[in-house]
Amino acid sequence: MQIFRFIMPLLSVLISVLCFAPTAWAFCGFYVAKADTKLYNKASQVVIARDSDRTVLTMANDYQGEVKDFAMVVPVPTVIKKEQVRVADPKIIERLDAFSAPRLVEYFDEDPCNTYNQRGGDRFLALPSAQLNEAESPRRDRSLGVTVEAQFNVGEYDIVVLSAKESGGLETWLNRNGYKIPRGAKQLLKPYIRSSMKFFVAKVNLNKFAQSGYEFLRPLQISYQSPKFMLPIRLGMINATTEQDLIVYVLSPKGQAEITNYRTVKVPSNLNIPTFIKEEFGDFYKSTFETAYTKEGKRVAFLEYAWDMSNCDPCAAEPLTPEELKQAGVFWLDSDSPSEPISPRFRRPFPTSNVFISRLHVRYTRDKFPEDLMFQDTSNRESFQGRYILQHPFTGEVKCQAGKEYKRSLPRRFEQEAQTLAKLTNWNIQDIRRKMRLTVGNITNSWWERLFSWLGM
Amino acid sequence: MLLKDIRDYQILFLSLFLILGIGTRDWTLRPEFIAVAIATCLATQCILSLVKRQGGRGQGEDSFLVPSPLNIRSALITALGLSLLLRADHWTTIALAAASAIASKFFLQVNQKHFFNPGNFGIITALVFTSDAWVSPGQWGEDWWYGLLFAGTGGMILQRIGRWDTTAAFLGAYSLLEAIRNFWLGWTWDVYWHRLMSGSLLLFALFMVTDPRSIPNARIGRVIWAASIAIVTFVLRNYFFLPTAVFWALFMFAPLTILFDIFCAAPRFSWVKNESTVTSQLLKEV
């Protein structure tokens, strides 16, 4: 992928930010539907590759309505020219998602009578990306007016970059051109216009889309240079009454990214949970996230993953190749020494590369997140992952003394796991115990009967 | 002796914040780094005081060496302040910040008054000269009870050292500018409150910008000085998008303390004077 350099005039001090937001991807813009189709969005996903003030922003397009109705308006910090926009491969975002998703690891207890090796082999399961809420769709209005800074076509998209002097004019223009603006947008457009931002408006060129042969809309990727490191979320909340989920993958040569105007908190991690969760990991993570989110007062951002991109342990998916990283917007790989090639194998003894990924999960609502998200990249290279552990008990016959003690220790361990799970997910502990009985129940009888007598059941 | 000195309260409160921060805000703060900060600050303080005393004998009394020859309190406050604010990947960065913070007190002074806030100097040194230091402005979040805690404890200290004016000038000027900007941009007022309720901003306003030893002596000087810091902070934050704006603003204005002291003469602050003397000084200033 090309590196787009874009020299901004010094005046840019006053130019605000980078804000990008497609709305359907509800985070920092809004969808403007051309018809009354209900638009739904799941979690918005954004990839930000950033080194000093150069940024490559990729917005996943999870638009699910009729393609002909798709259109979006996103505030951007500078005028965006044709060379600064490309269409990215949708697989890249899936790859990043799979690589950084919270994961379940599985260990098997060895025969306790076999003393030479206590620890079983471990396996892990990647978890399907946690998916999220639906947000609301915009509504309508009509009028006219505004300067067209650039107009071009990229892939299946027709793009117009606008600048406006006042929100009324912009609203008028959009309406005149057939975009439906959500009610209340005018007031929210004003701060962006006053911060000298431009508006990136994209819709689908149906002919090109038909020629492309793709079934879905591909992500749009924009490059620009601006000191501001932020994502505008306010526009996406115009009509939303529900919580919205945004997953931001920040790729940086330095280290972890964090949000500077809200707290960034790690999701609960490295906990032992009952083995039946293997079948319902998606639900488990959703509840865990919801519980943590509620516990923190619904006003924090969560860090789900932070890792050097050259390795992983365990790997939920293979690390991205340098080619894939470039696709994701990483533009600094060439200039730096070809460094360590990224290992195609899973467990290489931790090389380091100069791409560090942070996966931030923000669930926001209008009342708890009044301000747009501001980020910073720090030099923190500490690794973190959302990781949950299944420890399978040894199910064979045991004859030795140690084995008996092991069996005796199990009920307590299971209870511990049940309580951990209840605490994490806020699920009913009785239900959890019942499910555990079902899964571990048919292993042997002797010990788990004791478990329930011990539990007083 | 304990808790006689106002700085003992400061040490107590800063330790409390540190414990609260680690306990309830899950910071990426490593205990060994706190130990490094404290050890380095104390060691630097001891060494430089000894050297200075050897070299400066006969130069007249040096007030900050008087109460306790090693001035452990001040060094401890600096160490705690650094631990609260500065993050780094390697302990060497923390050590560098701590050592330079204390050294700035000894080497960067005019008329025996150091003009940089030591903690602030240490933070800027680490940010500029190392590649692995950072500050997390969002680490406190914006829970109201933190604001209350900071305002209460900070207010108590400010009450005793008589430096309310500085905090008031800083916060007043800053919130006014933010209010004007918010109004002009057309944001709703919850955006404004969210920007002001940041725990880090309050901590800075109540505990760092008010260090009586390194800020202008005269009230009018302090007010103008603090308001200028607020203006620069506002500009750096909103137009240069620096998350560390407050620290840079204080750093830039610290040397101007000297000018303010020349133009607005007033008795210098000393930790050893008791409260009544401080009050009478303030009365004289007015």
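Select K165(A) to begin. With 12 C-beta neighbours inside 10 Å, K165(A) counts as exposed, because a residue with 12 or fewer such neighbours is classed in that way. The model in the viewer is a predicted one. K165(A) belongs to the loop that runs between β9 (157-163) and α2 (167-176) of chain A. T147(A) and K165(A) are 18 residues apart along the chain, and a distance of 8.8 Å separates their C-alpha atoms.

Now widen the view to the whole of chain A. How many helices and strands does chain A have? Its secondary structure comes to 9 helices and 21 strands. Of the 457 residues in chain A, 47% count as buried. Consider also the contacts in chain A between residues at least 6 apart in sequence: 82% of them join residues at least 24 apart.

Display chain B together with chain A, and turn to the place where the two chains touch. Here 29 residues of chain A are in contact with 27 residues of chain B. On the chain A side, select α3 (185-194), β14 (257-259) and β15 (263-266), the elements that give two or more residues to the side touching chain B. For the complex, the predictor gives an ipTM of 0.83 and a pTM of 0.82.

Two packed helices are described by the angle between their axes and the distance between the axes. The crossing in which α10(B) passes α11(B) is right-handed. To see the contact, show the side chains of α10(B) that make it, among them W225(B), I229(B), V232(B) and L236(B). From α11(B), the residues in the contact include V246(B), W248(B), L250(B) and F253(B). By class, this contact has 11 nonpolar, 2 polar and 1 charged residues.

Finally, colour chain B by pLDDT. The mean pLDDT of chain B is 83, and 88% of its residues reach 70 or more. Select residues 58-68 of chain B, where the pLDDT is below 50; beyond near neighbours in sequence, this stretch has 11 contacts in the model. Then select residues 274-286 of chain B, where the pLDDT is below 50. This stretch has 11 contacts in the model beyond near neighbours in sequence.

Terms used
Residues are numbered from 1 along each chain as its sequence is written. Chains are lettered from A and ligands numbered from 1 in the order in which they are written. This is a predicted model: local features need pLDDT of at least 70, side-chain atom pairs count only at pLDDT 80 or more; totals for chains, interfaces and linings use all residues. Two residues are in contact if their C-beta atoms, placed from the backbone, lie within 7 Å. Helices (H or I, at least four residues) and strands (E, at least two) are DSSP runs, numbered from the N terminus. A crossing is left-handed if the near helix is turned anticlockwise from the far one by less than a right angle, and right-handed if clockwise. Ala, Val, Leu, Ile, Met, Phe, Trp, Tyr, Cys and Pro count as nonpolar, Asp, Glu, Lys and Arg as charged, and the others, Gly among them, as polar. A residue is buried if 20 or more other C-beta atoms lie within 10 Å of its own, exposed if 12 or fewer, and partly exposed in between; C-beta atoms are placed from the backbone. pLDDT is the predictor's confidence in each residue, from 0 to 100.
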